[in-house]
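These are my notebook entries on one structure. I looked up a sheet, then a helix, then a division into domains.

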Amino acid sequence: MASGNTLLIFSPQQNEPPASNPATFDTRNAHLVLDFDAATNESAVFSSIMPRLYAGGGLTVYIHYAMSSATSGDIDWDVAFERIGDQQQDIDSDSFAAVNSVDNTTVPGTSGLVDIVNVTFTDGADMDSVAVGESFRMKVTRDATSDTATGDAELVKVEIKET
Amino acid sequence: MAELDETARTAVWTELMRKYSADGDTIGINKADLRAAVNAIDTYMNDNAAKINNALPDAAKNSLTSAQKAIMLSYVVLVRYQVEV
């Protein structure tokens, strides 16, 4: 296993909301989603273990989202990793690496259509050096203070693929 | 009454976006355009408050409080445009 394989899939119910400005649960036609506000940068955090099939390459994070109401404008997403590992991170504190972003994506012209955007990470410090078999967290943030689309963004799923 | 300050206008703008999101209303303009519209409405209300007040019959104009007149104005506007809140 290596490049091109799906490593992990996250759903809204796996969110471990951060203490400040968390994305909030909502439903849309019985689809569970996470709402990200249009005026405040809000985040969702997902934790897991890097699967054994991970071959040590870079990662691509696919964000599946829809807009609650916007049919124009653009959206910005930030993603960051935090290695917890084997005695690497004291979980009393946070230590996310710098964010990587996908910016200025024009939102779908129909509210409710799910768009997929991706953020890439190179192996190493870019993804906080998360290694196979180690636990980690990934934070997904809507950069609402920079994007232009009105209303909430609804996170539907997140996939991590080995690039 | 002066125009709303930036904090108040921001509060209106964000609350509008949250309402549109909650209602699933389609919005075809971006955040900057929506904010400009909020600012424009506030400026218009500021510039025309006296004109609206003077349109009221004397009994209402002289007896109702500003808050009561504001609620009356908002009710009439909402009903005229068939908006449910």
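In which sense do strand β6 and strand β9 of chain A pair, and over how many bridges? I worked on a predicted model. In it, β6 (residues 74-83) and β9 (residues 135-142) of chain A pair in the antiparallel sense over 7 bridges.

I found an open sheet of 4 strands in chain A, in the order β4-β9-β6-β7, with antiparallel pairing. Its edge strands are β4 (43-49) and β7 (100-106) of chain A, each of which pairs on one side only. I noted that neighbouring strands of this sheet are turned by 20° against each other on average, direction ignored.

I then turned to chain B. Helix α2 (residues 31-54) of chain B has 24 residues. From its first C-alpha to its last, α2(B) reaches 34 Å, close to the 34 Å expected at 1.5 Å a residue. I also looked up its course and found that α2(B) bends by about 60° at B:N48.

Which residues of α2(B) are buried? I listed B:K31, B:L34, B:R35 and B:V38. What covers the buried residues of α2(B) includes α1 (6-23) of chain B.

Last, I looked up the domains. Chain B is divided into domain 1 (1-54) and domain 2 (57-85). The C-alpha centres of these two domains of chain B lie 18 Å apart.

Technical notes
Residues numbered from 1 in each chain as written. Chains lettered and ligands numbered in written order. Predicted model: local features only at pLDDT ≥ 70, side-chain atom pairs only at ≥ 80, totals over all residues. Pairing = 2+ DSSP bridges. Helix = DSSP H or I, 4+ residues; strand = E, 2+ residues; numbered from the N terminus. Axes fitted to C-alpha atoms, helices over the stretch in contact; angles between N-to-C directions. Expected span 1.5 Å × (residues − 1). Bend = angle between axes of the 7 residues up to and from the residue. Buried ≥ 20, exposed ≤ 12 C-beta atoms within 10 Å, placed from the backbone. Contact = placed C-beta atoms within 7 Å. Domains from an automatic or database assignment.
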